[in-house]
Amino acid sequence: MKLTLGRTWLFNPYLQLSLFAFISLSCSETGRRAENSTAEQQTVPIAKPVSEVKPASVVIKPEPAPTNVPEATIANAATISARKQVPVLCYHQIRNWTSRDSKSAKDYIMPEETFRAQLKMLADSGYQTILPDQLYAYLATGAPLPPKPVMLTFDDTALDQYAVAAPEMERYGFKGVFFIMTVSLGRPRYMTRAQVKELADAGHVIGSHTWDHQNVKKLKDQDWVTQIDKPTKQLEAITGKPVKYFAYPFGLWNPAAIPELKKRGFTAAFQLSTKRDPEEPLFTIRRTIASGFWSPRILHNSMVERFK
Ligand SMILES: [Zn+2]
């Protein structure tokens, strides 16, 4: 079952203004800081928006199973956890550093040349990008993958992911996953709806990263509608495709969030580098942030060391 919400709010200028009034650039800055720290250190609250916005209507409708994998063929959690992990890389901004970028921010800002060198290393080393449906089928059923699989993921909707990263990936036939924070769509230095659709049409996967980058551990009641249900519907309307995959803002998750995501039809969810939930490995898939300081060699070592 999935909640289906009226989309009136999308087209209501008053609501749009109210929504955007909450936002400041500090949202993604906060995200970067927290994603770089350990999971429990996140203390900075972001905008407090959400419960004010009421959906015009709430309709509950049955949804098909999230994937084509029959439930009876899905392995148990222990079997899934025992499979060799696929390296999943997490990128944020792809742009050259400026004098205003702090040392810690540079972990999240990948200079263009560094990004090109990292992709070239992956291609030269025989890596092939895979998409979440392939990863899910592998984890859930043991379906085969290419011999050297890697997944490239991009968080937070930065424009340079579309303008710089996607064309560079195209050179190698690489496809990636873009986890969109929908509040940012159309804002300066962020992707537009049309650009997100273009990425989806080109074979990349569009996933959800909440409305305005909230920690799912703090979501209550109506927050789930604002942070999860509405962004899902918006992204599905933009791309014409189902949104089945989720990335936790700041990489933060707790066991209580997982059934909330499941009942909303998500197939799997991605965290950062903390230990997976032994009961729910598909909803705590690990990623590593590819640091702007990493040479291709360090990236490769990290992929080998961190995904066993
Ligand atoms: Zn994020």
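This is a predicted model: local features need pLDDT of at least 70, side-chain atom pairs count only at pLDDT 80 or more; totals for chains, interfaces and linings use all residues.

User: Which residues of α4 and α10 meet?

Analyst: From α4 come Ala117, Gln118 and Met121. From α10 come Pro296, Leu299 and His300. The residues of this contact divide into four nonpolar, two polar and no charged.

User: What makes α4 roughly parallel to α6?

Analyst: The axes of α4 and helix α6 (residues 159-172) cross at roughly 25°. The cut-off for roughly parallel is under 35 degrees, so α4 counts as roughly parallel to α6. The two axes come within 10 Å. Here, too, the crossing is right-handed.

User: Which residues make the contact of α4 with α6?

Analyst: On the α4 side they are Glu112, Phe115, Arg116, Leu119 and Ala123. On the α6 side they are Val164, Ala165, Glu168, Met169 and Tyr172. By class, this contact has seven nonpolar, no polar and three charged residues.

User: Why does serine 125 count as exposed?

Analyst: Serine 125 has 12 C-beta neighbours inside 10 Å. Exposed means 12 or fewer, so serine 125 counts as exposed. Serine 125 is found in the loop between α4 and β6 (128-129).

User: What is serine 125 in contact with, leaving aside its neighbours within four places in sequence?

Analyst: Its partners are Lys148 and His300. Serine 125 and histidine 300 are 175 residues apart in sequence. In space they are 9.4 Å apart, C-alpha to C-alpha.

User: What makes arginine 189 partly exposed?

Analyst: Its count is 13 C-beta neighbours inside 10 Å. Exposed needs 12 or fewer, and buried needs 20 or more. The count of 13 lies in between, so arginine 189 is partly exposed. Arginine 189 sits in the loop between β8 (176-180) and α7 (193-201). Its phi is near 70°, a positive value in a residue other than glycine.

User: And aspartate 221: how do you know that it counts as exposed?

Analyst: Aspartate 221 has 9 C-beta neighbours inside 10 Å. The limit for exposed is 12 or fewer, so aspartate 221 counts as exposed. Its place is in the loop between β9 (205-208) and α8 (222-239). Aspartate 221 is not a glycine, yet it has a positive phi of about 40°.

User: How many residues does the largest nonpolar core have?

Analyst: The largest nonpolar core has 66 residues. Those with the most contacts inside it are Tyr91, Met151, Ile206, Ala268, Ala269, Leu282 and Ala290. Isoleucine 206 touches several residues beyond four places away in sequence, including Phe178, Val196, Leu235 and Val243.

User: What about the protein as a whole: how many helices and strands does it have?

Analyst: The secondary structure comes to ten helices and twelve strands. Of the 308 residues, 42% count as buried. Among contacts with a separation of 6 or more, 71% come from residues 24 or more positions apart.

Technical notes:
Residues are numbered from 1 along each chain as its sequence is written. Two residues are in contact if their C-beta atoms, placed from the backbone, lie within 7 Å. Helices (H or I, at least four residues) and strands (E, at least two) are DSSP runs, numbered from the N terminus. Ala, Val, Leu, Ile, Met, Phe, Trp, Tyr, Cys and Pro count as nonpolar, Asp, Glu, Lys and Arg as charged, and the others, Gly among them, as polar. Axes are lines fitted to C-alpha atoms, for helices over the stretch in contact, and angles run from 0 to 180 degrees between N-to-C directions. Angles under 35 degrees count as roughly parallel, over 145 as roughly antiparallel, 65 to 115 as roughly perpendicular and the rest as oblique. A crossing is left-handed if the near helix is turned anticlockwise from the far one by less than a right angle, and right-handed if clockwise. A nonpolar core is a set of buried Ala, Val, Leu, Ile, Met, Phe, Trp, Tyr and Cys residues joined through C-beta atoms within 7 Å.
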